[in-house]
Each structure stands twice: as C-alpha cells, then as structure tokens.
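Subject: The structure I promised you

Hi,

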Amino acid sequence: MQPKQQLLSLKPYKPGKPVEEVKRELGLEKIVKLASNENPYGCSDLAKEKITEELSQLHVYPDGYSAELREKLSSHLQVKQDQIIFGNGSDEVVQILCRAYLSPETNTVMAAPTFPQYRHNTVIEGAEVREVQLVDGNHDLDAMLEAIDQNTRIVWLCNPNNPTGNYIPESLFVSFMEKVPSDVIVVSDEAYYEYVSAADYPNTLDYLDKYPNLVILRTFSKAHGLAALRIGYGVAQSSVIQSIEPAREPFNTSRIAQAAAIGALEDDTFITECKEKNREGLETFYSFCDEKGLLYYPSEANFILLDVKSDADQAFDYLLRKGYIVRSGSALGFPTMIRVTIGEEEQNKEIIEHLGAYIDSVVEKVNK
C-alpha cells in the first residue's frame with residue numbers, strides 16, 4: 001500500500017499548537033498569536049451579517065459557480081465574470097494550477113524562500129522544481145528568466161513575497177512579462193494586495209489583456225479577515241480560466257464563505273482602516289529595529305521579517321514563554337530571523353518590549 005513516490009519526500013503541513021493548549025503547557029493566562037499573518041482586527045461587520053443570514057441554509061449545497069459572489073467580485077475588479085475562479089483559499093487555486101499544467105516531464109520556476117505551497121504541489125504532480133534564491137529578499141527576475149526552458153509550464157511570483165514582505169515594482173514586472181515565453185503561465189500571487197502602499201506596485205489587472213499567460217491570485221483570508229472560511233480566487237483571461245476549471249472540485253467554497261466574501265467586498269472603509277493601522281504598526285517595528293541595529297526587510301504586507309542576532313528557534317521559544325507566538329525563520333530559510341505578524345497597537349508595543357529585552361541579553365552574552 002504505497003502512495004506516489006514523491007509523497008514520501010513531503011511533510012504534511014504542521015499547524016501550530018492551539019492557543020488554549022499553549023496556555024495550559026506554559027501556565028499563561030494570555031497568548032497572542034502573531035504567526036499566521038491574520039488580521040488582528042477581525043472581519044467586517046457586514047461580513048458577519050451575511051454569515052448570520054446563511055445559518056438557516058446549512059442543509060443546502062452551496063452554489064458551485066458562486067454566481068452572486070462572482071457578479072459582485074467582477075464588478076469590484078472590473079473584469080468579466082468568466083475571468084474568475086474561486087478556491088478553498090487561494091492555496092487551492094495554486095493546487096488547481098499545478099494539477100492543470102504540471103506533469104513529470106515539466107518544470108516550474110519559483111523564488112526561494114517563498115510561499116511553500118508552490119513547491120509542495122509541484123512535487124505532488126511529479127514535476128521538477130527550479131528554485132532561484134532571493135537577492136536581499138527580492139525575486140532575482142533575471143535568474144528566473146534564465147531558469148525557464150521549453151519544459152517550463154508555470155513561473156511563480158509572490159508579490160509581496162512571503163516571508164520577506166518585499167515587492168516587485170511595476171517596471172520590473174512589465175520587463176519580466178515581456179521576456180517570458182507566451183506559453184508559460186506567470187502567476188502573480190497577491191495575497192497581501194490590500195496592504196500594499198508602494199506607489200510603483202503593479203496593478204496587474206491592467207495587464208491581463210496584454211499578457212494572456214498572466215494569472216493573478218488574491219484571497220479573503222488576510223486583510224478581509226476571513227481566514228477561517230477559506231476563500232480565495234484567481235483572475236486570468238477567460239480561456240485560461242475555462243481550461244483549468246475541470247481541475248476544480250465541485251462545491252469547493254461554502255455558502256457561508258461566499259456570503260461573507262460578498263459582505264467583505266461591500267466594506268471598503270474596513271479595509272482602509274486596517275491598512276492604515278498596519279502601516280503604523282510596521283513603522284513602529286522599523287523604529288525598533290533601527291534603534292537596536294537589527295536587519296529587517298521593509299514590508300508591503302502585514303508582517304515583518306527581522307533578524308534576532310541569534311538562533312531563530314531560541315528567540316521563538318523566549319517570546320512564546322512571554323505569551324507571544326511568532327514564526328521562527330528556521331523553517332522559512334532564515335535561521336537567525338523571525339517573522340512577526342503586525343498586531344494591534346498594544347500587542348505591538350508589548351512584543352517589542354519583550355523582543356528588546358531578548359536582543360539586549362543576546363548582545364550582553366556576545367560582549368562577555
């Protein structure tokens with residue numbers, strides 16, 4: 001009873017321990033989770049209202065075409081309805097793309113480190129993974145172009161990149177698209193799109209007509225605060241969407257998720273406020289890092305990757321015992337860095353105090 005050979009080299013996703021379990025283990029009254037890039041302000045009240053309205057319909061299958069949400073989103077994005085595909089989170093759209101385009105005789109190109117599900121799903125399909133190391137946290141687009149050959153089917157651009165938070169400016173994005181062969185799919189994964197404030201960040205929707213091989217991924221899990229409901233989407237030319245739709249499972253998004261997403265799209269004020277608070281939080285972390293002389297990557301997302309001048313797991317454990325869960329860089333390809341989700345103002349201040357004490361203790365040990 002053996003699964004596919006390639007599955008033997010993969011590890012299943014390992015979620016962090018539940019907050020209540022961590023509280024019991026460490027004897028803590030409060031745990032603040034700043035590890036999964038969730039929105040600390042929750043979701044829109046309009047989304048909650050839509051959820052409540054759906055609770056009487058739980059016995060009915062969801063609309064497999066997501067017609068009402070599709071209409072709302074197409075109007076919001078100014079694209080045609082048949083240019084959209086929905087997924088159980090944008091993760092599932094990654095899976096759909098890999099299922100549709102990859103096979104053992106093909107390859108796919110991506111940055112490293114980047115969002116791990118590109119690699120994970122590529123391996124499952126038996127395709128070759130071609131990873132190109134980041135340069136100062138940025139995609140090395142020239143090296144990624146060099147990695148493309150006649151067997152390349154998909155190139156992944158995580159923009160902003162997870163885990164660094166860096167982004168690809170519009171000029172570099174356009175230059176890259178001009179050079180990629182037209183028969184190679186380019187995926188622009190924009191999970192943190194709503195948090196971006198950089199003036200030269202590309203509005204990729206404007207390029208869908210010019211580049212038929214472009215696929216854009218976005219999600220309701222981050223800024224919209226609907227991570228628990230698992231709903232995301234892809235946007236591309238109609239012909240691309242039509243070709244990959246057979247790889248999508250029927251009823252892959254729930255009634256509640258679709259309804260909540262509709263409500264979320266109706267509340268621009270909520271997104272604006274979350275974006276502003278997130279930017280203020282980032283600036284607080286930047287000031288702290290500058291004060292302590294810590295390397296960090298300027299972020300266009302809702303997290304920051306920063307150096308802790310020591311083993312990342314050690315810093316993770318220290319902060320955990322203080323009641324703060326972060327993401328250790330040891331699992332992300334950055335063994336001396338941690339990734340911290342931007343929290344509420346008070347949460348940011350508290351974790352920075354703990355982190356400052358930790359950094360001071362590390363420096364003191366080095367100087368002894």
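Start at the loop between strand S4 (128-133) and helix H6 (141-147), where you'll find Asp-136. Its phi is near 55 degrees, which is a positive value in a residue that isn't glycine. Keep in mind that this is a predicted model, so treat everything below as computed from it.

Pro-113 sits in the loop between strand S3 (107-112) and helix H5 (117-124), and the peptide bond joining Ala-112 to Pro-113 is cis, with omega at about -5 degrees. Pro-160 is in the loop between strand S5 (152-158) and helix H7 (170-179). The bond from Asn-159 to Pro-160 is cis too, and its omega is near 0 degrees. Why flag these spots? Because most peptide bonds are trans, and most residues other than glycine have a negative phi.

Next, helix packing. Take helix H2 (residues 45-54) and helix H9 (residues 255-265): their axes come within 7 Å and cross at roughly 150 degrees. Angles over 145 count as roughly antiparallel, so that is how H2 runs relative to H9. The crossing of this pair is right-handed. On the H2 side the contact is made by Leu-46, Ala-47, Lys-50, Ile-51 and Glu-54, and on the H9 side by Arg-255, Ile-256, Ala-259, Ala-260, Ile-262, Gly-263 and Ala-264. Sort those contact residues by class and you get eight nonpolar, one polar and three charged.

H9 also packs with H3, at an angle of about 25 degrees and with the axes 9 Å apart. Parallel or antiparallel, then? Angles under 35 degrees count as roughly parallel, so H3 is roughly parallel to H9. H3 passes H9 in a left-handed crossing. The residues that meet are Glu-68, Leu-69, Lys-72, Leu-73 and His-76 from H3, with Gln-258, Ala-261, Ile-262 and Leu-265 from H9. By class, this contact has five nonpolar, two polar and two charged residues. Notice that Ile-262 of H9 is in the contact with H2 and also in the one with H3.

Now for the empty spaces. Rolling a probe the size of a water molecule over the atoms shows where such space is left. The second largest pocket has a volume of about 370 Å³. How many residues line this pocket? There are 15, and His-76, Tyr-193, Glu-194, Arg-218 and Ile-271 lie nearest its centre. Helix H3 (67-77) and helix H10 (268-292) each give at least two residues to the lining of the second largest pocket, and H10 has the largest share, with four. The lining divides into eight nonpolar, three polar and four charged residues.

Last one: a search of the whole structure turns up one cavity of 30 Å³ or more. The largest cavity has a volume of about 50 Å³. Asn-39, Pro-40, Tyr-41, Tyr-195, Cys-274, Lys-277, Asn-278, Asn-302, Ile-342 and Gly-343 line it. Of these lining residues, five are nonpolar, four polar and one charged.

Happy browsing!

Key:
Residues are numbered from 1 along each chain as its sequence is written. This is a predicted model: local features need pLDDT of at least 70, side-chain atom pairs count only at pLDDT 80 or more; totals for chains, interfaces and linings use all residues. Side-chain values use heavy atoms; hydrogens and water are left out. Axes are lines fitted to C-alpha atoms, for helices over the stretch in contact, and angles run from 0 to 180 degrees between N-to-C directions. Angles under 35 degrees count as roughly parallel, over 145 as roughly antiparallel, 65 to 115 as roughly perpendicular and the rest as oblique. A crossing is left-handed if the near helix is turned anticlockwise from the far one by less than a right angle, and right-handed if clockwise. Contact means heavy atoms within 4.5 Å. Ala, Val, Leu, Ile, Met, Phe, Trp, Tyr, Cys and Pro count as nonpolar, Asp, Glu, Lys and Arg as charged, and the others, Gly among them, as polar. On a 1 Å grid over the protein atoms alone, a cavity is a set of points where a 1.4 Å probe fits but cannot get out, and a pocket is an open set with protein on both sides within 12 Å along at least five of seven lines; lining residues have an atom within 4 Å of a point. Grid points are joined across faces, edges and corners, and a volume is the space filled by probe spheres set on the points.
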